[in-house]
Every structure is written in C-alpha cells, then in structure tokens.
Amino acid sequence: EVIDEVTDRKKLLLYNDDVNTFDHVIDCLVRICKHEVLQAEQCAWIIHFKGKAIVKSGARADMIAMCQALLDEGLSATIAD
C-alpha cells in the first residue's frame, strides 16, 4: 500500500499564456494549490520567464482535481510523471 502511494505521485505543471494576469494566476495558486502568497508569486514569475513550472506534486487523484480546477479558471495546466 505504501509503495502504491509513492509510485502514484504526479506533478502538476502550469504554463504561461498571454491571457491571464499575474494576480489571477497567484490567486488560483493560493486557492487551488494551497500555496502561500509568496510561493504563488515566485511560481508566477518562473512560469512567466521559463514558460512553465511544476507548481505541485502529490497523489494522482489530487493532482487531477487541482489540474481540472486550474483549467476551469482558464489556466493552462497538465499532469506529468
């Protein structure tokens, strides 16, 4: 059971776009991914300059739910191994 939890971990990636504001991205990271404001701001800048960033990692089901919530907010997000 413990092995399944470890191997079932996924990464949530968020991508840069020309549509959403920094404030919206930061707000979504705080509300959906449970980031602290400073962490969300740092992620937003990394995404802005690098084009994408891993914003969360964890159990597959949790990452799928967070990914869908980010997509529902108009952001570009995917799940990766």
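Tutor: Start with exposure: a residue is called buried under 20% relative accessible area, exposed over 50%, and partly exposed in between. Keep in mind that this is a predicted model.

Student: How does Phe49 count at 64% relative accessibility, buried or exposed?

Tutor: Phe49 counts as exposed, because its 64% is over 50%. Phe22, with a relative accessible area of 29%, is partly exposed, and Trp45 is also partly exposed, at 46%.

Student: What aromatic pair do Trp45 and Phe49 form?

Tutor: Ring planes under 30 degrees apart count as stacked, and those over 60 as edge-to-face; the rest are tilted. The pair of Trp45 and Phe49 is stacked, with 20° between the planes and 5.7 Å centre to centre. Both residues belong to helix α3, where they sit four residues apart, about one turn of the helix.

Student: How many aromatic pairs are there by this rule?

Tutor: The count is two. Phe22 and Trp45 make a tilted pair, at 4.6 Å centre to centre and 45° between the planes. Phe22 lies in helix α2 (residues 22–33) and Trp45 in helix α3 (residues 37–50), so this pair ties together parts that are 23 residues apart in sequence. Phe22, Trp45 and Phe49 form one aromatic cluster.

Student: Where is Lys34 placed?

Tutor: Lys34 is in the loop between α2 and α3. Its relative accessible area is 60%, and Lys34 is therefore exposed.

Student: How does Leu14 count, buried or exposed?

Tutor: Leu14 counts as buried, at 2% relative accessibility. This residue is found in strand β1 (residues 9–15).

Student: Which residues does Leu14 touch, not counting those up to four places away in sequence?

Tutor: Among them are Val25, Leu29 and Ile47, and the list also includes Gly51, Lys52, Ala53 and Val55. Further along the chain, Leu14 touches residues including Leu70, Leu75, Ser76 and Ala77.

Student: How many residues apart in sequence are Leu14 and Met66?

Tutor: Leu14 and Met66 are 52 residues apart in sequence, and their C-alpha atoms are 11 Å apart in space.

Technical notes
Residues are numbered from 1 along each chain as its sequence is written. This is a predicted model: local features need pLDDT of at least 70, side-chain atom pairs count only at pLDDT 80 or more; totals for chains, interfaces and linings use all residues. Side-chain values use heavy atoms; hydrogens and water are left out. Rings of Phe, Tyr and Trp (its six-membered ring) pair if their centres lie within 6.5 Å; planes under 30 degrees apart count as stacked, over 60 as edge-to-face and the rest as tilted. Helices (H or I, at least four residues) and strands (E, at least two) are DSSP runs, numbered from the N terminus. Buried means under 20% relative accessible area, exposed over 50%, partly exposed in between (1.4 Å probe, protein chains only). Contact means heavy atoms within 4.5 Å.
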